[in-house]
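User: Please take a close look at the interface between the two chains. Then set it against what lies behind it in each chain.

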Amino acid sequence: MKMKFCKNLFVLSVFSCFASSFAFADFSAFDFQGDLLSKPKRYFEIGVDADVSAANNLLSLTDVLKKNVEIDLTQISNDLSDSGFTLAFNDNEKVFVNLNISNNYRFSIFSSVEASSSINVSKELFKMLGNGLNVGETKTVDVTGYADVYVNTGFSFQTLFHGYGVRITPTYFVPLAYVPKTKATGRLVTASDGSIRAEAEADVDIYTAVDMHDFMEEDKSFDSINFSVSDLLSNGGFDLSLEIENNWYYNLNAGLYTRIPIVGGTLNYKMHTRFWAYAYEDNPLGFLDESEDHDTDHGKDDFVYSEESYKVHRPLKFGLNATYTPFGKWLKVMPAVGFAIRNPYTSADRIFYMEYALDLRMSLVKRIFNFNLGTAYQNQTFQQRFGFSLNLRALEIIAQASMCGTTFLTSFNHNGYAAFVGARIGF
Amino acid sequence: MKKFSLPVLGVFTLVFTACNGLSDLGMPETISVKQKASYELSLGGSSCKISEKFDSSKLQNTLDDEKEDSTLTVYDYNPTESDEDVQQYILNYQIEGIQLGLTADSDISAIEFGTSFEAPDFSSEISTNLALTGLSFTAVEPGTTSTLPETSFTFDITSPTFDTMLIRSGTLDVVAATDTPSYSYMMLAQVTLTDASYNVIAGPSEPKNIAYGGTLSIDLAGKTLVPNMKILVTADLTGGNAGTSHTFTVEAAPNNIKFDTIKGLTMTASELGEKATINIVEDFDLAGINKALKSATINDGSLSFSCLYPDGWSGIVVEEEKFLLYGGVAVADSEFEEKTDDPAYILYEEASLAGKTVSPAKVYTYNTEDATEKSYIKFRLEDATIVFADTTTGSKDTITIKGSCDIKEIGNLVVDVSELGQLSGGEDKEIDTGISFGSLLSKLLDNEDEEVSKLMDNIEFSDISGCLLMTYPTICSDSLSGISFAGSVSASYDGAATPLELLSGTNMTMARTDTVLSSYLQKEEKKNSDGTVKTDKNGDVVYKEWIGKSGAEFIENTKSADLSHITDLFNARPDNLKIAYSLALSGSTSDVTLTGDDVKALTESTSAISISIVMVLPLKVAFVDNFDYPSASRLDDGFITIENVMKLADKEIDEDLLKRDNADEDNKINKYSDIIKSVALVYSIENSTGLALTAYFEDDKVFNGTNFAPKELKIGESNATLEFTKEEIKKIFSSESYPFTPRVKLAIKAPGSSDPIKITRDSDFGISAKVFVNTDGSAEIWNKND
């Protein structure tokens, strides 16, 4: 079974490699980098990118990596924004092959694995820990989160059309696992009669591309997962990205970008469970007259496995980006602004958020040494980033580090980090 | 260079920002939590109403535990029906309950008596008629070989007359005798029993040489005999001197015959002989009539004798019978009449009891002064079927004669007053109440500590009253109107030199009522402190019951006499309390005659004469400083000091309140005290019992500076504060305080017996509290060196 699993994975990887990617993502794996009117660096190139980020808005690296760590609950309660504590994670790994025949014929095939997750704890919990509790108060703590993993593959075609740079990128994506927006609610109620009640409950649905029953309930080994690549690929979704850019002024290019989900990917298996806990204490002084009562219990229901189809889409995106070269081509100012909608066709899970980016890119010594300095809010994470690339024509190596945060301010405060590395080989 | 300045500045700024503070990065060595917060929690409350803590049902259960079959009933007593008056109880101890009607143990209407006789064994009489004698036949020696010519004898059973006889076991033995034959002569013979038409009934017998004579046996087991039969003789002859003849004489007789069934049997009484007569010589009690009953006249009723056929029997004809009764009820033979033709009965005779007098004397079926005057049955058999029991299995045929009495209406009932109940004049009776004051309080408080009951010695009761409450049915008030009683009641207990006389008198009258104290119970739903209806764990409504104003009037109007010294009795706090009494009913006549209507009413109502000792116990008590709890630490200071109230209530904190396993664990616990600024308990203790109380919250270890000083609990003050400073909290968390088992010390002012207090029905003792925990500090929760 293990061999079979590995074989399937290998076939999927090879398929993905042959699909390849396009190489406009110089300093990040963000899909819409703009700068369509610039000349390509190589006629042909093969490249890989890896972009990982993790961030929160509560604790910074300097808070926890020091000799004497002090967790000031009251300070945390006061400083934390009303949105509560958020922890976000993103990962994007790509391989691609680009073929740039001319400015009118630029092709790319790519494949990537993309994962993201986010969890949020409402501020009420931190207010209770940091400020206290009064009789008669009801404290409600929500914990929300989501997670998804996709395998993407596609190709792009870029050309010049009446002076406009145009790139069309159809992408076929296969969702591997998806946790829709899940909310767990805990509630603490105190009353003047001496009753204290706490309860929490979370219904968790996990949709997967393969049946996880045997893996979860039996030997916990990947050998027990049985799937075929063809079945997996047949459940994929499809979306279409479109970018267009024009030279509006001698040193200013600007355009639009969008990604329109068209066909949702399908997950055919569902795992459901429920976590629950409760505790109550009625009238502690009642032990004197035997009117006191208390109980506590907690648990997790057994997973229920079912074959249930669930459609998911990659986020819809729309925005404007530009490339401004105020001092010549060695320096590019690249702003972008837009919006994104996760789960655009599922009202219960729909999440809307804005995105922006502002990068300064310097190319020195005949574009051998390249630097990037930027700030962005993409994939629901703020980044302050600095990157460097060494472009030796046949070989280019790119590295970028970012400070991240789930709020703009915490992104300057070591509350999270992102790392991007990439390499291209070509001529 | 100018054109490079902006991007370079930007790069520098970002790198500086990114690296700012990173130079101080290092692996954590300690982690601490800092907090400045205020937590408020309500601890709820507890209220102890005296009327509920010591409610009548709890007292009742406690006393029932003392003695299972106690007739003591405890009632909540509220004669003014006001909760502002003193809490009172009624202790109702029934010492006598005398049933007057003909119910239960005195029901003469259901009297039955009976006797069984072994059925006559007719087999011997029949067997005597089965013998056969005076028969003979001749056989000739053949010289060589020959057979006996056909030889048979008629075998008729002429007496008794019957149709068939099924034999269970036994043989028919045929004995042949002859003179001496020739030397070599042999006669190998067999006999067979046949009917008159030579159809074989039994046999043939085993072949046997009877040349010199002998016995041939025919097995009759399972064979059916008929009145006319034949015995067939066959034989093979050999040897001898040809022509020499011999004459054989033959006899036939049954051997050990056991009959199974005889059908069509007819035997006269004379043929049956003594077995034709069954004498009924019995005596029996009129069971269940109490000895107070002198006699009862019957208006309507009957007495019957019946005799059923044994299974399978028929054809028994009673030729003569005689039934007569002497003693408790007298019935002449002439008064019996045959009442049924039911073939299931051999006989059924019945006599009317109307006008008869029944007394609780023994009844005889014969004249005790003339033995010849007795009951009997004489019978004969006519075309009868008799099924004999298989005696090998031990079973016997029995004929049962039953007598039964059916009294429908009593004319009147004469009761001997002096014998009513056990109230015989001069007879002392003593009842062990099972009450021991020595253990009463500990049981009420569910605390088995012997020291607890000593606290009872600090309590002196006041104004306890008592009386005898005597009730009897008003149904027969005319009949019982003349009755009064006389005697005395006294109490004794362990350590009492002489019994304490509670009552003594003569010609004390009896109240006339058929109601009982419990019928004055009032009932209402119990309420919780928030006014909602109280329910038990099953969700059923909990009720409280009390005897109110009308009950008080009932006691006042029906009590016979006040008991004296009853308060002294309670204040003696007796152990093993026993009540002795000697009471006698008396009246204008020694007999009381109840009419039939009285008897009927009494029987239906199950009313009885009841005598109870009723005590009214108010919680009007004085406190005397005789004992502290525990007694070893007693101080004669005018206060009853209870070192640990929670221990008294069996709710002692006997494990470390901070849940530490040992004193060494204090380092882990103690560091959390750094984060606590103060702990305050805001409480309200309500006390409306009338008791003057002082209380302290303290460590159970003697205060020596390492623990916190005792803190006074302010009783009666609303929202009083009991505060623990940071230093005190640290002491509580320290190893010196392990195990931390705080207690509440209570002192009750005991001014002495001259100053009793009344504990009212609505008095209660309650506490409600909130706890405030203020934190302002930092506590280390991890250290890499730990």
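Analyst: What follows starts at the interface and then moves into each chain.

This is a predicted model: local features need pLDDT of at least 70, side-chain atom pairs count only at pLDDT 80 or more, and totals for chains, interfaces and linings use all residues. Residues are numbered from 1 along each chain as its sequence is written, chains are lettered from A and ligands numbered from 1 in the order in which they are written, and side-chain values use heavy atoms, with hydrogens and water left out.

**The interface**

Start with the totals. 42 residues of chain B are in contact with 48 residues of chain A (contact: heavy atoms within 4.5 Å). The buried area between chain B and chain A is about 3,700 Å²; this is the accessible area (1.4 Å probe) that two parts lose on being put together, summed over both. Carbon and sulfur atoms give 65% of the area buried between chain B and chain A.

Next, the polar side. Across the interface of chain B and chain A there are 22 residue pairs in polar contact, both residues at pLDDT 80 or more. A polar contact is a pair of N or O atoms within 3.5 Å; within protein, one must be able to donate a hydrogen and the other to accept it, and residues adjacent in sequence count only if both atoms are side-chain atoms. The rule finds 1 salt bridge across the interface of chain B and chain A (a side-chain nitrogen of Lys or Arg within 4 Å of a carboxyl oxygen of Asp or Glu). B:Lys34 and A:Asp72 meet in a salt bridge through their side chains, at 3.9 Å, N to O.

Which elements of chain B give two or more residues to the side that touches chain A? They are helix H1 (2–19), strand E1 (30–49) and strand E47 (764–783) of chain B. Helices (H or I, at least four residues) and strands (E, at least two) are DSSP runs, numbered from the N terminus. E1(B) gives the most, with 18 residues. The side of chain B that touches chain A divides into 19 nonpolar, 16 polar and 7 charged residues. Here Ala, Val, Leu, Ile, Met, Phe, Trp, Tyr, Cys and Pro count as nonpolar, Asp, Glu, Lys and Arg as charged, and the others, Gly among them, as polar.

**One residue of E1**

B:Gln35 is found in strand E1 of chain B. B:Gln35 counts as buried, at 8% relative accessibility. Buried means under 20% relative accessible area, exposed over 50%, partly exposed in between (1.4 Å probe, protein chains only). Leaving out residues up to four places away in sequence, B:Gln35 touches A:Leu73, A:Thr74, A:Leu129 and A:Gly130, and also B:Ile675, B:Thr775, B:Asp776 and B:Gly777. The side chain of B:Gln35 makes a polar contact with the side chain of B:Thr775, at 3.1 Å.

**Behind it in chain B**

Chain B has 14 helices and 47 strands. Of its 786 residues, 45% count as buried. The largest nonpolar core has 81 residues, and B:Leu468, B:Phe570, B:Ile613 and B:Phe623 touch the most other members. Such a core is a set of buried Ala, Val, Leu, Ile, Met, Phe, Trp, Tyr and Cys residues joined through side-chain atoms within 4.5 Å.

B:Phe570 touches B:Phe437, among others. B:Phe437 is one of the buried residues of H6(B). Helix H6 (residues 437–444) of chain B is mostly covered, with 6 of its 8 residues buried. Its cover includes helix H3 (56–66), helix H7 (450–454) and helix H10 (566–571) of chain B.

**Behind it in chain A**

The secondary structure of chain A comes to 6 helices and 20 strands. Of the 427 residues of chain A, 50% count as buried. A:Ala376 lies in strand E17 (residues 369–378) of chain A. A:Ala376 is buried, with a relative accessible area of 0%. Among the residues that A:Ala376 touches are A:Tyr356 and A:Arg385.

A:Arg385 forms a salt bridge with A:Asp359, the closest N and O atoms being 2.8 Å apart. A:Arg385 lies in strand E18 (residues 381–391) and A:Asp359 in strand E16 (residues 351–364) of chain A, so the pair ties together parts that are 26 residues apart in sequence. A:Arg385 is buried, with a relative accessible area of 4%. A:Asp359 is buried, with a relative accessible area of 4%.
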